[in-house]
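Start with the model below.

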Amino acid sequence: MSKKRQVFHIYVDESSKNDTYFAVGAMLCENKSAAAIASEINQLVASHQQRPDKEIHWKEFKNSSLLVPLYCTVGTTLISFTQNKPRRMRFRSIIVERQHIIRDRDNGETMEDVIAKFIFTLVFNMAEQVGGSVDYFVYIDSPDGDERSDIRTRSSLNNRYKTKFNAPDGPFKSVKFVRSEASRLIQATDLMTGVIAYEMNGRHLAPGAALHKRKVFADMLAQSKLTTFTVPTKHYPPQFQIQHFDFTKSQFTRFQPVMNPQLDLLD
């Protein structure tokens with residue numbers, strides 16, 4: 001009898017696509033861990049006196065005596081899942097400097113098409129790191145609110161895998177666009193990706209920077225044991241990684257974050 005293959009989920013979202021830097025983030029975890037993480041977030045939402053369907057979103061995060069502790073707790077809990085053993089998930093983000101993007105406007109290429117290329121790269125690299133002896137189900141935040149299967153991306157991922165590893169079959173079983181309100185793990189990816197792009201774009205130093213977002217950012221950074229989210233991570237193990245895309249070299253490298261030394265509202 002053949003051994004049952006492990007099942008992994010990959011959840012993907014982007015943040016700050018109209019800023020100087022945008023980020024694409026992905027969370028990878030086994031299907032059982034995915035259910036456990038979603039349940040943990042639901043319990044945290046309930047414990048902070050929020051309705052069960054309360055969504056967690058970095059961009060829409062508003063100041064509230066209840067929401068700030070909730071976001072801090074959810075954010076640090078997610079980071080801890082990548083740091084503390086037994087680790088429940090891996091997270092990886094690609095940071096892209098927007099000014100270097102050249103869109104093929106003559107053929108109707110949109111910003112969503114550009115982002116899709118980085119999503120492809122991120123998903124493939126995460127799966128490649130784990131290996132092809134498991135099954136992958138990929139869930140991408142729907143850019144238009146429409147939930148549907150992305151057969152083209154699934155086929156492309158499998159074709160690349162079969163070509164690179166000379167394999168008869170690809171490990172990607174499904175790629176779907178889902179609404180964030182339907183997935184706690186998409187929301188979790190949104191929060192982690194958003195806080196990285198937030199610091200990379202220097203929003204924590206901007207005049208009038210929202211103190212509630214600075215608080216969540218500071219707590220999540222402290223939990224990560226990093227000094228900043230603006231520097232590519234190279235440490236092992238690979239459970240939490242930030243990478244920078246260099247168009248001139250087509251590889252990951254470091255570039256300068258947006259800085260504003262005039263104001264620091266936490267001082």
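Arginine 179 is partly exposed, with a relative accessible area of 32%. This is a predicted model. The partner of arginine 179 is glutamate 147, and the two form a salt bridge with their closest N and O atoms 3.6 Å apart. The pair links distant parts of the chain, 32 residues apart. Glutamate 147 sits in the loop between strand S4 (135–141) and strand S5 (148–149). Arginine 179 sits in the loop between strand S6 (172–178) and helix H5 (184–200). Glutamate 147 has 37% relative accessibility, so it counts as partly exposed.

Now turn to arginine 148. Its relative accessible area is 31%, which makes arginine 148 partly exposed. Arginine 148 forms a salt bridge with aspartate 144. Here the closest N and O atoms are 3.2 Å apart. A network of salt bridges links Asp144, Asp146 and Arg148.

Next comes a pair elsewhere in the chain. Glutamate 112 and lysine 17 meet through their side chains in a salt bridge, at 2.4 Å from N to O. Which parts does this pair tie together? Glutamate 112 lies in helix H3 (residues 111–130). Lysine 17 lies in the loop between strand S1 (7–15) and strand S2 (21–30). The pair therefore ties together parts that are 95 residues apart in sequence.

Buried would require under 20%.

Finally, the whole structure. A search of it finds 11 salt bridges. Among them are glutamate 147 with arginine 179, aspartate 144 with arginine 148, and glutamate 112 with lysine 17.

How values were computed:
Residues numbered from 1 in each chain as written. Predicted model: local features only at pLDDT ≥ 70, side-chain atom pairs only at ≥ 80, totals over all residues. Heavy atoms only, no water. Salt bridge = Lys/Arg side-chain N within 4 Å of Asp/Glu carboxyl O. Helix = DSSP H or I, 4+ residues; strand = E, 2+ residues; numbered from the N terminus. Buried < 20%, exposed > 50% of the residue type's maximum accessible area, 1.4 Å probe, protein only.
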